Amino acid sequence: MDIVVEIHVPLREAAGTPEGSDPFPWIDQVEDFLAEQDAAEVYDDGEEYEEAYVFSIAGAAEEVLLAVASDLTRLPGIPSGVFAMVTNDEAEEIGLGRRVELPLG
């Protein structure tokens, strides 16, 4: 059983988004950021869940995964209110596990 950290980013439009453009440009920004991480790997494609967009990472110890998730919250344009769920690869659905408020420290 492997640890998976879900990163729940509130699904809020970026401030000052021009009419007709992508209201959530930060989704691509987060996907690029996670793809560039050596410490963690993208576990699953991001998806909408309730009022958030959820990204999942795995492949490292819980502390390392939470550090990556915490770093993500500091990227410019990321909505406030991001939190993580520490779960595992056997969880049957999103949102199960222990909630961790981000950023850490």
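**View 1. Arg-74 and its salt bridge partner.** Arg-74 is partly exposed, at 49% relative accessible area, where partly exposed lies between buried (under 20%) and exposed (over 50%), using a 1.4 Å probe and protein chains only. Arg-74 pairs with Asp-71 in a salt bridge, the closest N and O atoms being 3.5 Å apart; the term means a side-chain nitrogen of Lys or Arg within 4 Å of a carboxyl oxygen of Asp or Glu. Asp-71 is also partly exposed, at 38%. This is a predicted model, in which local features need pLDDT of at least 70 and side-chain atom pairs pLDDT 80 or more, while totals for chains, interfaces and linings use all residues. Residues are numbered from 1 along each chain as its sequence is written, and side-chain values use heavy atoms, without hydrogens and water.

**View 2. Glu-62 meets Arg-98.** Here the closest N and O atoms of the salt bridge are 2.2 Å apart. Glu-62 belongs to helix H2 (residues 62–73) and Arg-98 to strand S5 (residues 98–101), so the pair ties together parts 36 residues apart in sequence; helices (H or I, at least four residues) and strands (E, at least two) are DSSP runs numbered from the N terminus. Glu-62 is buried at 19%, whereas Arg-98 is partly exposed at 42%.

**View 3. Arg-99 with Glu-101.** Look for their side chains joined in a salt bridge at 2.6 Å, N to O. Arg-99 is partly exposed, with 48% relative accessible area, and Glu-101 is partly exposed at 48%.

**View 4. Ser-56 in strand S3.** Ser-56 sits in strand S3 (residues 52–58) and is buried, at 10%. Its contacts (heavy atoms within 4.5 Å) include Val-4, Tyr-43 and Asp-44, leaving aside residues up to four places away in sequence.
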